[in-house]
Structure formats: C-alpha cells, structure tokens
Amino acid sequence: MVPRLFQPWADLLLDQVGLNAGEVLLDVACGPGTVSRRAAARLGPSGRVTGCDVSPAMLALARSKPAAGHSAPIDYLECPADALAVPAAAHDVATCQQGLQFFSDRQRGLRQMRRALRPGGRVGIAVWCSIDQSPPFAALAAALGEVAGSQIAAAYRNGPWGLADNGIAAEIERAGFTAVRASRHQLPVTFDGGPRQLLKTLAASGVAAAVAALGDAGQRALAAAIEETAAPLMHDGAICSETAAQLVTATTAS
Ligand SMILES: C[S@@+](CC[C@H](N)C(=O)[O-])C[C@H]1O[C@@H](n2cnc3c(N)ncnc32)[C@H](O)[C@@H]1O
C-alpha cells in the first residue's frame, strides 16, 4: 500500500506545503514513515525530521526502512498526536497524512502541531475525500456490505474516509492557523493483481478482525463479491482507477 497509494500522495502533499533544504519537519501519525522519508530526501543532510505515531508496530516498520542517501536524519518517537513529545516552536513544517481522521481529539492534535511550529511555520494535512471518490475502496465497501453486513461496511467506510469533506479547513482555522487553503486532488491507482490484491488491503484496515472472523466460506464469498463490485474498474486484469483526497495547507502567525 505504501508505494501504490501513500507515497504518491506524500509527494503531492510535500509539493503543496513546499520544503527548503535544511528545514526541520515534524510528521504526525507518521505510520511506516512514508512522508518522513520522502521529506528527509528533499530536506537533505542539513535538515531534520521527527516522525511521531502511537503505534509501536508502525514505528518499528518505519525504523526498518532505509532512508535515501543524502537524506536528513529521521528520529521516530512514540507519542499520541494530542500529547506530542516534541519541543515547542522548534519545527519549520508539520505534516499529517491520513492521520487526522483517527485522532480522538482533533482540535487538541491540531493545537499540538501549532505549538510545535515556530512562528511563520507551515502545516500540510491530507484527508481522504468521501469513499465514493476512491472507487476501488468503494467497491470493497460494497462487497463487505453484501457479505459481512452493513455494520462492518459502515465501520470500514467511517474509518479512513470518515472525515471526508466535513469542514476540515474550518477546524484547522479554529486551532489557530492562518492562510488556510484546502484543495481537492485525484491520483491514479492501479492494483495489478486485480480484485484479489485489493482484497488483501483489508488486512491492514480497522475491520481486519471482523473479516478474519468470516471464516473460509465467508472469505470465498467476499472474494466472489469483490470480483463483481470491482468489475467496472477492470482493464486487462488490473484495477485501474483513482483516489481523491483533500490537502490543506496553513501557517502559524509570524
Ligand atoms: C493510514 S495511517 C497513515 C500513516 C502515514 N501518515 C502514511 O501516510 O503512510 C494512520 C496512522 O495514524 C496513526 N494514529 C492513529 N491515531 C493516532 C493518534 N491519536 N496519534 C498519533 N498517531 C495516530 C496510526 O497508528 C497510523 O500509523
């Protein structure tokens, strides 16, 4: 999922926020370090990156992945977004790619990012648009609804896609940021392995346990259902489609 989905989005987010060599960047909800590593490569050896996440497993994955040569050094820290264990006013840029929707207290998380930024610092936040704007995952949700029931399908939809277009820019402004700019973007996505490969993404989702509990017969039914729901997206054996996200940039008052 990282090279297929998250890395192209990380590059676009970093283009939007704009980085200068030598800057200090904080990547909140860094997960496997997708944005952290791409940013470190852009900032170069005189820059510095800190990636924060609540999940020790994600941080272990991030630490296991080598950074490109001539990258900024990256520190990974275990801490929640609403209690960032980083110094105040010490970062030029803060990023958060597909993490905001999972915070228990989004205002607190956003205010923590603002606290970590120096005056005039920039923030870049990415949140998926509604699931119907990312057709492969809408197809997966439809198949889940058919086989696992509407509650599990709703839990899937309301996870990564739960924030959708619901006033994120206003929420970021309320957290004290200025010059808030939100824009919708679309990127192509291909699953060369077709519906079966798409199905595997459920293992890293919030409904993984519910899907595992379906048992062998349920898994076979789900595989058959996704063949049908993803059929309109198929080209030469691959799923060829797009995903859509809102990217929001803002600054702290200087
Ligand atoms: C979809 S992943 C995105 C990871 C990464 N930003 C990327 O683009 O690859 C969401 C991440 O948010 C993290 N997360 C969820 N709630 C969090 C919180 N309250 N504080 C910090 N991280 C959180 C999860 O552990 C997970 O690594």
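1. Starting with the pocket: the ligand takes up the space of the largest pocket. Keep in mind that this is a predicted model, so treat what follows as a reading of the prediction.

2. Who lines up around the ligand? There are 16 residues around it, and those that come nearest are Ala29, Thr34, Asp53, Ala81 and Gln97. Sorted by class, the shell is made of 10 nonpolar residues, five polar ones and one charged one.

3. As for cover, the ligand on its own has 600 Å² of accessible area, and the protein covers 85% of that.

4. Stepping back to the fold, I'd note 10 helices and eight strands in the protein. Its radius of gyration is 19 Å, close to the 18 Å from the globule rule for 254 residues, so the protein is as compact as a globular protein of that length.

5. Last, the overall dimensions: the C-alpha trace of the protein spans about 55 × 40 × 30 Å along its principal axes.

Key
Residues are numbered from 1 along each chain as its sequence is written. This is a predicted model: local features need pLDDT of at least 70, side-chain atom pairs count only at pLDDT 80 or more; totals for chains, interfaces and linings use all residues. Side-chain values use heavy atoms; hydrogens and water are left out. A residue is near a molecule or strand if one of its heavy atoms lies within 4 Å of it. Accessible areas come from the Shrake-Rupley method with a 1.4 Å probe; for residues, only the protein chains shown count as cover. On a 1 Å grid over the protein atoms alone, a cavity is a set of points where a 1.4 Å probe fits but cannot get out, and a pocket is an open set with protein on both sides within 12 Å along at least five of seven lines; lining residues have an atom within 4 Å of a point. A molecule sits in a cavity or pocket if more than half of its atoms lie within 2 Å of its grid points. Ala, Val, Leu, Ile, Met, Phe, Trp, Tyr, Cys and Pro count as nonpolar, Asp, Glu, Lys and Arg as charged, and the others, Gly among them, as polar. Helices (H or I, at least four residues) and strands (E, at least two) are DSSP runs, numbered from the N terminus. The radius of gyration is taken over C-alpha atoms; the globule rule is 2.2 Å times the number of residues to the power 0.38.
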